[in-house]
Amino acid sequence: MAFYYDNLKLDKGMYREAGRSFSQVLEREDPSERYKGTSLEGLDAFQRQLKRFDIKVKGAASDVVEKFFQTADAAVLFPEYIARTVRLGMEEGDILPHITAAVTKIDGMDYRSITSEAGGEEKELRLVAEGTAIPETTIKVQANLVPLKKRGRMLVASYEAVRYQKLDLFSVTLRQIGAHIARVHLEDAVDVLINGDGNSNPAEKTTLGAGKTFDYNTLVEFWAQFDPYVMNTLLVPGDMMLQLLKMPEFQNPLTGLNFQGTGQLTTPLGATLLRTSVLPEGTAVGLDRRFALEMVQSGEVMVEYDKLIDRQLERAAITTISGFAKVFPQASRVLER
């Protein structure tokens, strides 16, 4: 049985369509709905093209890099393979999804977020007498733009150096690049949580006084400061993680069973405990992940497709453009030792 994907013409221009990624262009030209009820159901348009050219990108039987360059059409798939593998590395072990309330994708470099103060009269649902005005909550546009930063890595390798490398092994290097990019994104996110996004909204800090130790009572007092929000996530560096796990309250059998069953640590207060080395020692960040942080992305992972398709792999850039904004400033707080 012949399928449309077998005869789809591929060219570099599919990477240049404004507002669409290569995968989106492929899906438009070869919609997945056509393949419902067939053996290809469950594959997206890019995966069908890999099948078309019999390119295996993972596993012990994976092909070599040269397989992408056996035809001009197959070579067009190589930048998308790199972009997808880098994204996979960014997603593996990434804790950003656990601390962001929303992800906003934009076309361009200028973006203003919105905010609304919680608590006080603006959020009270007061009784409304007949004929009186209903109380209003004002959502405001932030005064300053969200700073977007371009992050990336340079892929430095000649075609001759990698042409006979297995794609499965080559993917390991690409996933590592993705992991490095994800770490820098996390550093940017934590910086915004602590210092604000340039709109005079740094997190309120609680500093332990002289002679006061980081114990369970301190943690409870910190947790109580979040009203009307809920501290459901706690970011800590390695030294504070050790102190937390040594507290008798964290040695509750139910806490241990949850960790053994799910691999996730939670505090006795119900907050998810996330360890990260991007925080300085002696500093913890608590937040209500439902309301604290917005991630802004300008496009997807970008790859210099011209150099890759033409086999000139030397110094091909892999980049992302993103930034972070605080939605509700009081939804995150900092505890310092």
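Reader: How much space lies in the second largest pocket?
Author: About 570 Å³. Bear in mind that this is a predicted model.

Reader: Which residues are closest to its centre?
Author: Phe46, Gln47, Leu50, Val57 and Lys58 are the closest to the centre of the second largest pocket, out of 19 residues that line it.

Reader: And which elements give two or more residues to that lining?
Author: Three helices do: H2 (45-52), H4 and H6 (167-195). H4 has the largest share, with six residues in the lining of the second largest pocket.

Reader: How does that lining divide by class?
Author: The second largest pocket has nine charged, seven nonpolar and three polar residues in its lining.

Reader: Now the largest pocket. What volume?
Author: About 660 Å³ of space lies in the largest pocket. It is lined by 24 residues, and those closest to its centre are Arg20, Ser21, Gly299, Glu300 and Met302.

Reader: Which helices and strands supply at least two residues there?
Author: On the helix side, H1 (22-29) and H4 (78-91). On the strand side, E1 (102-106) and E11 (302-303).

Reader: Which one gives the most?
Author: H4, with four residues in the lining of the largest pocket. H4 is also the element with the largest share in the second largest pocket.

Reader: How many charged residues in the lining of the largest pocket?
Author: Eight charged, next to nine nonpolar and seven polar.

Reader: Change of topic: backbone. Where is the cis peptide bond?
Author: Between Asp227 and Pro228, with omega about 15 degrees. Pro228 sits in the loop that runs between helix H7 (216-224) and strand E6 (233-236). For context, most peptide bonds are trans, and most residues other than glycine have a negative phi.

Reader: On phi, then: what is the value at Asp54?
Author: Asp54 is not a glycine, yet its phi is positive, about 55 degrees. Asp54 belongs to the loop between H2 and helix H3 (72-75).

Reader: Is Asp54 buried, exposed or in between?
Author: Partly exposed: its relative accessible area is 42%, and exposed would need over 50%.

Reader: What about phi at Ser200?
Author: Ser200 has a positive phi of about 55 degrees, again without being a glycine. Its loop lies between H6 and strand E5 (204-207).

Reader: Buried or exposed, Ser200?
Author: Exposed, because Ser200 has 76% relative accessibility and the cut-off is over 50%.

Terms used. Residues are numbered from 1 along each chain as its sequence is written. This is a predicted model: local features need pLDDT of at least 70, side-chain atom pairs count only at pLDDT 80 or more; totals for chains, interfaces and linings use all residues. Side-chain values use heavy atoms; hydrogens and water are left out. On a 1 Å grid over the protein atoms alone, a cavity is a set of points where a 1.4 Å probe fits but cannot get out, and a pocket is an open set with protein on both sides within 12 Å along at least five of seven lines; lining residues have an atom within 4 Å of a point. Grid points are joined across faces, edges and corners, and a volume is the space filled by probe spheres set on the points. Ala, Val, Leu, Ile, Met, Phe, Trp, Tyr, Cys and Pro count as nonpolar, Asp, Glu, Lys and Arg as charged, and the others, Gly among them, as polar. Buried means under 20% relative accessible area, exposed over 50%, partly exposed in between (1.4 Å probe, protein chains only).
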